[in-house]
Amino acid sequence: MILLCRDFETPRKPVGPTSHQPVLLDEVIEALQPKRGGWFVDATVGGGGHAEALLEAGPDVRLIAIDRDSRALARSQVRLARFGDRVQFIHAPFSALEGVLPEEARGRIAGILADFGVSSDQLDEPEAGFSFLHDGPLDMRMDRRSQKTSAAVLLANTSEDQLEEWFRDFGEERFARRIAHAIVQARRIGPLLRTSQLADLIERSVPRGRRGIHPATRVFQALRIVVNRELDEIDAFLESAPQMLGPEGRLAVISFHSLEDRRAKLALRNEVRCSEYRDLLPRGIAPSPSEQRRNPRSRSARLRAIARQESGE
């Protein structure tokens, strides 16, 4: 069964096969225990890797697959087609979880997964504008149908002080002031419309001696967070998701940077303090060295999980 909401339509351009490698796959399955059967939610289905593993765990697993990116949802539909009506697809942000759950699943959710990271498919698609490694429009919107403001629009209309604050707070960028000033100076000559323009400008704005990650990494992260209101989305999801679990239902979240992980850690610990939940991974889990070698994009990932207690425990 395919459930369409929020004006979902198949992307005009055909989507290719996914290149995304699901992070911490074995650990997610261990945390959610899908062999129990029942209703599960992949709130960020993406390329469908985690969803496929959940469905393969047993014939009694039914999955609600959610994503705000229509192209990601189309890819997952292709990948999960063999599971037929065991899957329902919903086009929505994960913050809308409570409002989009099918009536028959309410109060009966055995497990929920949210992967807060940007997928390899999104990073490798130049038209999406998420990556400084590919030249493309400076877009960064997860849902281009409902979101009106792209990264290019933000850069054209935001004050230098606000840009600095975003780069510092959301990108933890050491040279936030210098980069913000360079952007404001550059846009007096002409608009910044391409990812390569912004990446080149950042490279010229920071000291050459800087080592490690690409100089544009943190700024691109900060802009993506602002464009998609990612931290607000995460806060809303973490507030509602535990309440959607049935008895012994499990919630697992994967974060990719400290801003996300701090929110996940605090929210899940607050639930555990209420005694209705227990912490399955008190310290969280990072990818094994072998997974990090196999998939370098997994290096910063961290998995946290809680379980709802049986009533009366």
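Predicted model: local features only at pLDDT ≥ 70, side-chain atom pairs only at ≥ 80, totals over all residues.
Visitor: With which residue does Arg278 form a salt bridge?

Guide: The partner is Glu248, with the closest N and O atoms 3.1 Å apart. Glu248 belongs to strand 5 and Arg278 to strand 6, so the pair ties together parts that are 30 residues apart in sequence.

Visitor: How many salt bridges does the structure hold?

Guide: The structure holds 20. One of them joins the side chains of Glu56 and Arg82 at 2.6 Å, N to O. This pair links distant parts of the chain, with Glu56 in helix 2 and Arg82 in the loop between helix 3 and strand 3. Arg82 counts as exposed, at 54% relative accessibility.

Visitor: Which residues are linked in a network of salt bridges?

Guide: The network links Glu160, Asp161, Glu164, Arg168, Asp169 and Arg177. Glu164 lies in helix 7 and counts as buried because its relative accessibility is 16%, the limit being under 20%. The side chains of Glu164 and Arg177 also make a polar contact of 2.6 Å.

Visitor: What covers the buried residues of helix 12?

Guide: The cover includes helix 7, strand 5 and strand 6, among other elements. Among the buried residues of helix 12 are Leu259, Asp261 and Leu268. Helix 12 has 16 residues and reaches 22 Å from first C-alpha to last, close to the 22 Å expected. Ser275, with a positive phi near 70°, follows helix 12.

Methods: Residues numbered from 1 in each chain as written. Heavy atoms only, no water. Helix = DSSP H or I, 4+ residues; strand = E, 2+ residues; numbered from the N terminus. Buried < 20%, exposed > 50% of the residue type's maximum accessible area, 1.4 Å probe, protein only. Polar contact = N/O pair within 3.5 Å; in protein donor to acceptor, adjacent residues only side chain to side chain. Expected span 1.5 Å × (residues − 1). Contact = heavy atoms within 4.5 Å. Salt bridge = Lys/Arg side-chain N within 4 Å of Asp/Glu carboxyl O.
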